[in-house]
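Hi,

Here is the model we talked about handing over. Have a look at it first, and then read on for what turned up.

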There are 4 protein chains.
Amino acid sequence: MKTEGLAETLSRVHGESKAAAARGRVATYIPALAKADPGAFGLALVDSTGSVFEAGDARARFTIQSISKVLALAYVMTELGEVAVFSRVGKEPTGDPFNSIIRLETSASRKPFNPLINAGAIVVSGLMPGSSPADKGERFRAFVGRLLGRGGVERDEAVYASEKATAARNRSIAWFLKELGILEGEVEDTLDVYFRQCAVSVDAVDLARVGAVLCMDGMDPVRRERVIAARTARVCKSLMVTCGMYDGSGEFAVDVGVPAKSGVGGGILASVRDRMGIGVYGPALDERGNSAAGLEALRRLSDELDLRVL
Amino acid sequence: MKTEGLAETLSRVHGESKAAAARGRVATYIPALAKADPGAFGLALVDSTGSVFEAGDARARFTIQSISKVLALAYVMTELGEVAVFSRVGKEPTGDPFNSIIRLETSASRKPFNPLINAGAIVVSGLMPGSSPADKGERFRAFVGRLLGRGGVERDEAVYASEKATAARNRSIAWFLKELGILEGEVEDTLDVYFRQCAVSVDAVDLARVGAVLCMDGMDPVRRERVIAARTARVCKSLMVTCGMYDGSGEFAVDVGVPAKSGVGGGILASVRDRMGIGVYGPALDERGNSAAGLEALRRLSDELDLRVL
Amino acid sequence: MKTEGLAETLSRVHGESKAAAARGRVATYIPALAKADPGAFGLALVDSTGSVFEAGDARARFTIQSISKVLALAYVMTELGEVAVFSRVGKEPTGDPFNSIIRLETSASRKPFNPLINAGAIVVSGLMPGSSPADKGERFRAFVGRLLGRGGVERDEAVYASEKATAARNRSIAWFLKELGILEGEVEDTLDVYFRQCAVSVDAVDLARVGAVLCMDGMDPVRRERVIAARTARVCKSLMVTCGMYDGSGEFAVDVGVPAKSGVGGGILASVRDRMGIGVYGPALDERGNSAAGLEALRRLSDELDLRVL
Amino acid sequence: MKTEGLAETLSRVHGESKAAAARGRVATYIPALAKADPGAFGLALVDSTGSVFEAGDARARFTIQSISKVLALAYVMTELGEVAVFSRVGKEPTGDPFNSIIRLETSASRKPFNPLINAGAIVVSGLMPGSSPADKGERFRAFVGRLLGRGGVERDEAVYASEKATAARNRSIAWFLKELGILEGEVEDTLDVYFRQCAVSVDAVDLARVGAVLCMDGMDPVRRERVIAARTARVCKSLMVTCGMYDGSGEFAVDVGVPAKSGVGGGILASVRDRMGIGVYGPALDERGNSAAGLEALRRLSDELDLRVL
């Protein structure tokens, strides 16, 4: 496949998928998200040679939200090692909603099923090193900056403040984790770290770049240097394929067939073994919380470029 | 990678993995399974050119058990189409045990999460065409025979009779499905079909052959002809990657990274996109019900042959 | 309170409560029940001296249904003793629906919460002595006959056959109990006993008579002789007060405040310590499965006669 | 029954039941409770004429803990009416543990099953009138003082501080209630009120006095004046009989047969319609959290004085 072809395909698929945004709705649980333009739609692709392709609103900024769960996992695995993380959280998919608390009470293991549901992600946030929530958040952003090959990444302060003010369910989950003895630090501090990580501001090109790093098992194809360990990249991709797309993970595996993670801000991060990372921005979400136009685009790209790894 | 290399690698990995059987135990819930030799261990590999490689007890016969769920799904999708199947069963992974009934009562959709847990598999069995359980079972075996490129496959009558006599939990599940209105036909008849399909007798080479068909998206690399539709193969592999290895599916995705399905008879079927199918026989099971030596071998093969698709 | 007063009160309350039947609907899950006259309404009262009072359709026959769970418990406790019964079933209320299966899978004790939900009642049916389902059913009817001071009681064959033909949920429950190892005998045989006991035909006077026996801790106030042990009567009444009125048991305790058990056939059995038994027939049921007019009448009788024991 | 008889019976039962404390253990989840003397044991009885009887440590002080749930319910019903309370919490028993959160997620009604489990009690605490947690706590204590016919009641500051510092599970529950929209006010403020009410200091005579008020449907038999509405008293007693003794409520109904509520501080409050209130203090708890010696004493008193209302 020629480079020209990729750019054209991306552009065409962008055009063909744009209308699917009308099937979705922007998240409204906090005002800062509700302000997003439902018609916004951007695609980006970074291939294994480090070439970058873009279509539409690929440079529009949005908050990373749940996609941060993958980056936080990679970060904490890098800092503390796999064992420290997975003694507190499992690696298995669950049929429960992302914000469910029920399994913490009923499952025998009494640890969250995986790091991509809220309970597991909060456990991971609690493991981040640092002297304070602000320090932990800053270090995490520095890690993301290194991953993206740029000096730093910003945080959307309005989203951060808004999530922090309204997260009753996450507070319930975090206190339950505290009760179970698997949450490090103070509950409010750990939640603060979690809200900070979710409010990191990215664009579709950033997500494609992360996807490219993952697809090369931790090597950045742009700078041609290792940024995370191969094992860390594999753990992230494995969890993405089984649990990355909320209650639609199984259907996504069938329809698209690549590891991916979505966020309520409208982003999707996808990674195709040895070939490419893909970043999506489309804030109009389907009923499961995944970007409607983004799903359409990934389905089409998977078919046209034969991306499926399964 | 040369053909010679594959044979040698398979043989070496077989030798290195054999001892892991000591970590497992043969299933004992029915006498017919308890008689298996815990030290038995066979590996087989069919590559994309149709070449077959074997090591150890690759021709030893065992019952296919839960691996039949994948074949039954492929069969029913072939006969009735995807929509007919997935209107009655979902495509999503679940954190519940394979024989759980709880979600049928509590989930909003009131359909089994996926066709690889017992509840979903029984729904699939209920969809098989035929005039009687015996006829349905025979037609299914004919389908498996076509898939394997041989005249027919046998059924282990002792296992069939034994499972039919003891399956209280599956009867409970089937009656619950009946109550929900998603089970076709008479409950006992459908269970009879299910027990028949689980008792089909195969060897590791057979499983590798199926894996090879799936890896080529439905083309049999030996006879070089299509045996199932590409979409059907993809659905099977997607479900295998998210739900194929019982409660260890997530960990398997991390450690091995390929679609696979195990059975309590000791078999594992694995499929590596574009490259190969792998079949395993090792009846000593770990605490999750997966072949202990088989898991060890697949981990090693994945590392040595760089098999992971994630 | 004079005898004349009781008769008049009963008659007046009957008149005042009759209209409440319009708020209910006759059960329709089997044709034999759907034929009931929704406007039918009878009340009966047997006081501690053995005097009998009636109003309306107090001699209309209907199937005892879930009220049989109390009689079956009394019977099996009489035959086998308390320990034999309660080693297999608990004494605790549950917030689950009467036909729920979920707690059998999730609760630590793995036995049904109490004998007044279906799972517990089926366990009790499994304990009945006899050489066959028919024999067990006959012996149970003989026990009910003794309790009612008459030669025998009949069974509604149409209801029995109809329930037997349609009870998918109860079959699911019974097989689950079998799997747990707490169900005696063959599943279908035990269910047959259960369907037989539910189809016993009674009238409101019968239920009042049973209530009177329970209110006198096992002494029949009519014949002035003991028919069941005091402890047995107390166990029955205790379970009735915590679990007798389906999902409305707590509200009934608040509003009426006496032990009672309802059935989907429209009956209610109530028992007021030292004072009286009350029988109700009113087949129009509220959304929880309790006789709508019956509830109204019991609320009024409780207020007017100061019946509440709480 | 003569007054002399009651005093003697109480004294004798106290002696006979004292040894049962050895079967229990003092609660240790906070240091302030762990300091209790496991051998301490007091009984008190207030009859319908207002006569008071005591045996053993009937004047020893302890924290009221979960028994406050009954008083808080009476208080809030008095202040706001039944409808305001029961639009936010149910009246039904549940088979779940007192500190369970699972039903909030899975039940259709999305309100706590009853006011005697923690979730329901926290909702009730949130309804207390006042300008601040301290003010609300003070007003509640004033209500308890009125109920007890004395100027005021104290709070155990060490217990209050200790519970406030350690209640991760209750915080999890409260945040979940907040998410559901059924918790009034700020979460931490409401929990503060809840911890304040649980730390109210009483003795067995106090509990007997409350039980006597409830047994007379709200009339204080000592001062011969109404202190709470009859309906309020009945609601409290009804909930006590179905849900008052944690996971042992059903068995207690069988064995003792009167409305009662226990607390982890070792107290039990019991109320016998028209006859008496009983107060117990015995901090050695059985595995369900009920006073071991207290249960023994109540079983014996029920038999000897024929207390059971069921």
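Predicted model: local features only at pLDDT ≥ 70, side-chain atom pairs only at ≥ 80, totals over all residues.

Helix H6 (residues 118-126) of chain A packs against H9(A) at an angle of about 65 degrees, and their axes are 10 Å apart. The crossing of these two helices is right-handed. From H6(A) come Asn118(A), Ala119(A), Ile122(A) and Val123(A), which meet Asn170(A), Ile173(A), Ala174(A) and Leu177(A) of H9(A). This contact has another make-up: six nonpolar residues, two polar and no charged.

Next, the sheet, which I followed in chain D. Five strands form an open sheet there, in the order E3-E2-E10-E9-E8, and the pairing is antiparallel. Its edge strands are E3 (52-56) and E8 (260-262) of chain D, each of which pairs on one side only. On average, neighbouring strands of this sheet are turned by 10 degrees against each other, direction ignored. Within the sheet, strand E9 (residues 267-272) of chain D and strand E10 (residues 276-281) of chain D are joined in the antiparallel sense over six bridges. One of the pairs to click on is Val272(D), whose bridge partner in E10(D) is Met276(D). Helix H14 (residues 292-305) of chain D lies across strands E2 (42-47), E8, E9 and E10 of chain D, and runs at about 155 degrees to E10(D).

Is strand E2 (residues 42-47) of chain B mostly covered or mostly open, and what does each face carry? E2(B) is mostly covered, with six of its six residues buried. Gly42(B), Ala44(B) and Val46(B) point one way, while Leu43(B), Leu45(B) and Asp47(B) point the other way; all are buried, Asp47(B) included.

E2(B) has these pairings. With strand E3 (residues 52-56) of chain B, E2(B) pairs in the antiparallel sense over five bridges, and here Val46(B) stands opposite Val52(B). The hairpin of E2(B) and E3(B) has four residues between the strands, and Gly50(B) takes a positive phi near 95 degrees in this hairpin. E2(B) also runs antiparallel to strand E10 (residues 276-281) of chain B, and six bridges join the two. In that pairing, Leu43(B) has Val280(B) as its bridge partner.

Last, how do chains C and D relate? Chain C can be laid on chain D with an RMSD of 0.0 Å, by a turn of 180 degrees and a shift of 0.0 Å along the axis. The two copies are therefore related as by a two-fold rotation axis. The same surface serves both copies, as 100% of the contact residues of chain C recur in chain D.

Happy browsing, and do write back with any thoughts.

Best wishes

Terms used:
Residues numbered from 1 in each chain as written. Chains lettered and ligands numbered in written order. Pairing = 2+ DSSP bridges. Axes fitted to C-alpha atoms, helices over the stretch in contact; angles between N-to-C directions. Contact = placed C-beta atoms within 7 Å. Buried ≥ 20, exposed ≤ 12 C-beta atoms within 10 Å, placed from the backbone. Left-handed = near helix turned anticlockwise from the far one by under 90°. Nonpolar A, V, L, I, M, F, W, Y, C, P; charged D, E, K, R; others polar. Least-squares fit on C-alpha atoms with pLDDT ≥ 70 in both.
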